[in-house]
Amino acid sequence: MRQRVVVIGGGGTGAALAHDLTLRGLAVTVLERGELTSGTTGRHHGLLHSGGRYAMTDRQSAVECVQENRILRRIAPGSFENGGGLFVAVTDDDADQRDEFVDACAESGIPTRLLSRSAALDAEPGLSPDVRLAVQVPDATMDAMRLPLRFFATAQRGGAVLRPFTEAVTFVSNGRSITAVVARDHMAGRNVAVPADLVINAAGPWSGRVAAMAGAEVPIRPSPGVLVAVTGRWCTHVVNRLHKPGDGDIVLPQRGLSVVGTSSWTVDDPDEVRVSSEHVRAILREGMRLVPAVGAASMRAAWAAVRPLIGATGSDASGRTLSRTFRCFDHAADGGADNLITITGGKATTLRSMAEATADIACAKLGVTTPCRTRDAVLLPHTAYYTSAEVGA
Amino acid sequence: MNETTDGEAAIRVTVYRRRAGDTDPHYDDFDVPYRPGMTVLDILMSIRSHQDAELTFRHSCLHASCGTCGMRVNRRERLACVTPAGAPGDQVLIEPLAGAEVRSDLVVDMRPFYESLDAVGRPLLRGDEHNHDGHRLEDCIECSLCTSACPVTATDGRYAGPAVLAATERVLREPRGHDAAAVLERADREQGAWRCHLALECSQVCPAGVDPAGAIMRLRRDLLRRHLALHVHRARNGRRS
Amino acid sequence: MTGRRGVRGWLDPRGRHSGMWTLVAGRVAGIGLTCYLYAHLAVLSLLTRGPGTWDRFVAIAGHPAFLALDAVLVAGLLVHAAHGVRVALQGSGLLIGARRSLMVALAVVGVAVGLVAIVLLFN
C-alpha cells in the first residue's frame with residue numbers, strides 16, 4: 001500500500017507539496033480550513049520575484065528567487081506577464097546604491113540592465129519625473145491564486161485528495177507517532193479521521209497552532225503587510241524602489257488594477273489583523289513617488305496578508321529584518337512527534353523549492369527514494385482543478 | 001440601531017445556510033460588530049472567527065482579482081471583498097450565487113462553469129494589449145457573477161451564459177492557435193449567442209469591466225453578417241445557374 | 001438544489017438595472033397584449049349575435065372608463081414595441097456602444113407617441 005501523507009494547509013506550499021509528493025508516488029491528502037489559497041497565498045501582490053528585491057539584504061532569498069523564477073516560467077507556461085521589473089532611483093540616496101545593487105544582483109545570478117533617466121521613462125512612461133536612473137531585472141507578475149491552483153490541479157489529476165473547508169483539529173497518536181489527523185469537515189458539519197503515515201504542517205502563519213496540536217513549537221512570527229489596489233493599469237513593469245526593502249516601495253500591474261505594497265509589522269494572531277488607514281495612506285504616498293498616477297486613481301481594495309516569517313517571539317517588531325527564506329523543522333528532533341514536519345517561511349516565488357526540500361525530508365523519513373521531478377513536470381491549467389475534482393468526495 | 005450583546009454598534013446580517021447533504025436551506029441572523037470601512041467579506045470572516053466556525057464561503061485575493069468571493073448581497077451579485085458592508089444599523093442579506101449548485105452555505109459548485117469555459121479554450125493570458133513581450137492577464141476573473149445575474153441562465157441551464165460567450169468572442173478576436181471556426185459554430189446555436197434576451201445584467205454586475213453583453217452582441221453581429229453573406233452568395237449563384 | 005430561480009429569475013427585477021426592467025416590462029406587456037388579443041376576438045364574436053348586441057357594446061366602448069383601458073392598451077403596445085425595437089437593433093449588433101442612449105431615445109419616443117394617442121383618444 002502506498003504510504004499516506006497528510007498536508008495541513010492549502011496554500012502555495014501545500015499545493016507544491018501535494019504535487020511533489022504525488023509525483024513521488026505517495027498518497028496525499030491536503031486539509032485546508034477554508035477555500036484553497038485563502039490564507040496568505042492568494043493575497044500576495046502577484047510578483048514573480050527576480051530576486052532583485054532581496055539582493056542587497058538577503059542573499060540566500062535572492063538566489064532562491066532567481067532560480068525558481070526560471071523554473072516556474074518553464075513548468076507553468078502562460079501564467080506570467082513578462083513585463084519585466086525596474087528598480088528605480090527617485091532620490092540621490094537611491095541613485096548612490098546603484099553600484100551596490102548591480103553588484104549584488106550579479107553575485108546572486110540576477111541579470112540586470114542599467115537604464116538612464118530618459119531610457120527608463122521611455123520604457124515605462126508611468127514613472128515619476130523624479131526618476132534618476134533605473135535597473136531592469138526579470139521580474140514578472142502572476143495570478144496569486146491561479147499559479148498554486150495549477151499545482152493543485154496536477155496533484156489532483158495524479159490522485160491527491162484535496163479537502164478545502166476541512167480544518168485539522170487534533171492528532172491521533174500511538175506513542176510518539178501520529179496515526180491520523182482528526183479534521184472538522186465544515187461543509188458537512190462532521191468530524192473525519194484521515195489516516196497518516198506522515199504529517200506535514202504547511203499552515204503558514206497558522207503553523208504555530210498546528211505544531212501546538214502535537215505539543216511542538218515553531219519560531220514563527222506572523223508578519224502582516226497591507227496592500228492597496230487602485231483602478232487602472234498605471235505601469236507595465238513591476239516598479240520597485242532602488243533601496244533596501246521598505247513600506248510602499250513596489251507598484252505593479254495586476255489585470256486592470258495597479259497594486260501598491262506593502263507595509264510590515266508583527267502580530268500574535270494571524271486571524272485578527274486590521275488594515276489601518278494610516279498604512280493605506282503611507283503606502284499610497286510612497287507608491288506615488290514611483291508611479292504618480294496611483295495617487296489620483298480610485299481605490300479598489302485595501303487588504304492585509306500575513307507572512308509566515310521565521311523568528312523568535314520578541315525579535316524585530318517590524319518584521320523587515322527577518323529573512324524571507326524558508327525552514328523545515330523535523331519535530332522528531334524537538335520532541336513534538338516522530339512523523340511531523342513543519343515547513344514555514346519563504347514566499348510565493350519559492351513555493352516549488354520549499355516543497356522540494358520538505359518532500360526530500362519527508363521521503364527520507366518514509367524510506368522513499370524516488371527523486372524530485374517538479375523541476376521539469378509541466379503543470380496542468382488552473383481550470384483542471386475544477387474540472388477534475390470529485391465533487392462531494 | 002442593532003447592537004451586539006456588548007452594546008457595540010452592529011450590522012444585522014442574514015446569511016443563507018445549507019450543509020452538504022441538507023435538502024432545505026435556512027437563514028441565520030448575526031449581529032456583527034461594525035468597523036469603519038469593513039467589507040461584506042470582513043463580515044463573513046468576523047462571523048467565522050467569533051460566532052460560527054462552520055460558516056463556509058470562498059475567498060482568496062481580497063482585491064477583486066481572483067473571482068472566488070462572488071455572492072448575492074441584498075439580491076445583487078457582488079464580490080464580497082470589495083463590497084462595503086454598509087453602516088451600523090443596516091441589514092445585509094447574503095446568499096450564494098444563483099444558477100449553480102450550492103455545495104454548502106455560500107459555496108457553489110464551479111465545475112460546470114469551468115467545464116463550459118474549458119470548451120471554449122480561453123487562455124489565462126491575453127496578447128492583444130502589448131507590454132514588453134506581448135502578454136497580460138485576461139480581464140475576466142471567472143467569478144460567474146454574470147451567470148448568476150442573467151435572467152436566461154436563471155430559467156434555463158442549457159444556455160451557454162454570458163461568461164462563456166464573452167470568452168468565445170475573445171478567442172475569435174484573438175484565436176492564439178484555437179480553431180476559431182469550431183468555436184464560432186458552437187456560439188451559433190439556439191443555446192448560444194441567440195439565446196440572449198438583452199437584459200444586459202451581465203455587464204452591470206461584472207466586477208472586471210469585461211462587458212459580456214457587448215461581446216454577445218458583437219458575436220451576433222458577426223454571425224448575422226456571415227449568414228447574410230451566405231444567403232447573398234447562394235442567391236447570386238442561383239441566378240447564374 | 002440547483003440555485004436556479006426559474007420564472008422568478010426573469011420576473012424579479014429587485015436589485016437589477018434598466019436592461020432587466022425593460023425585459024420584465026416587455027414581457028409583462030407581451031402577456032397583456034396576448035390576453036387582449038383573445039378578449040378582442042371574443043368581442044368581435046358579438047357580431048355573430050346580431051346588430052343589437054353589437055350596438056350595446058359600442059355604447060359601452062365610448063365611455064371614458066373604457067377609453068382609459070384603451071390608453072393602457074396603447075401604453076402596453078408602445079412598451080412592447082419599444083422593447084422589440086431595442087432588442088432587434090442591439091441584438092443584431094447595432095449601436096452596441098450606445099445602449100443607454102438607445103433606451104432613453106426609445107423611452108422619449110414612446111412617451112411622446114403615447115401622449116399624442118391619449119389626446120386623440122379623449123377628444
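## Chain C at a glance

Let's start with chain C, which has five helices and zero strands. Read from the N terminus, its elements follow the order α-α-α-α-α. Please keep in mind that this is a predicted model.

How big is the box that the C-alpha atoms of chain C fill? Taken along the principal axes, it is roughly 55 × 40 × 25 Å. The radius of gyration of chain C is 19 Å, whereas a compact globule of 123 residues would have one near 14 Å.

## Inside chain C

Now for the interior. Among the 123 residues of chain C, 15% count as buried.

Helix α2 of chain C covers residues 18-44, and helix α4 of chain C covers residues 64-91. They pack with their axes 8 Å apart, at an angle of about 130°. The crossing of α2(C) and α4(C) is left-handed.

Which residues make the contact? From α2(C) come T22(C), A25(C), G26(C), A29(C), G30(C), G32(C), L33(C) and Y36(C). From α4(C) come L73(C), G76(C), L77(C), V79(C), H80(C), H83(C) and R86(C). Sorted by class, the residues of this contact are seven nonpolar, seven polar and one charged.

## How the chains meet

Let's step back to the chains as a group. Two pairs of chains are in contact, and chains A and B share the most contacts. Chain A and chain C, on the other hand, are joined by no contact, and their closest C-alpha atoms lie 14 Å apart.

What does the meeting of chains A and B look like? In it, 37 residues of chain A are in contact with 39 residues of chain B. On the side of chain B that touches chain A, at least two residues each are supplied by β6 (102-104), α2 (111-120) and β9 (136-137) of chain B. Which element gives the largest share of that side? The helix α2(B) does, with five residues. By class, this side of chain B has 15 nonpolar, 13 polar and 11 charged residues.

Key:
Residues are numbered from 1 along each chain as its sequence is written. Chains are lettered from A and ligands numbered from 1 in the order in which they are written. This is a predicted model: local features need pLDDT of at least 70, side-chain atom pairs count only at pLDDT 80 or more; totals for chains, interfaces and linings use all residues. Helices (H or I, at least four residues) and strands (E, at least two) are DSSP runs, numbered from the N terminus. The radius of gyration is taken over C-alpha atoms; the globule rule is 2.2 Å times the number of residues to the power 0.38. A residue is buried if 20 or more other C-beta atoms lie within 10 Å of its own, exposed if 12 or fewer, and partly exposed in between; C-beta atoms are placed from the backbone. Two residues are in contact if their C-beta atoms, placed from the backbone, lie within 7 Å. Ala, Val, Leu, Ile, Met, Phe, Trp, Tyr, Cys and Pro count as nonpolar, Asp, Glu, Lys and Arg as charged, and the others, Gly among them, as polar. Axes are lines fitted to C-alpha atoms, for helices over the stretch in contact, and angles run from 0 to 180 degrees between N-to-C directions. A crossing is left-handed if the near helix is turned anticlockwise from the far one by less than a right angle, and right-handed if clockwise.
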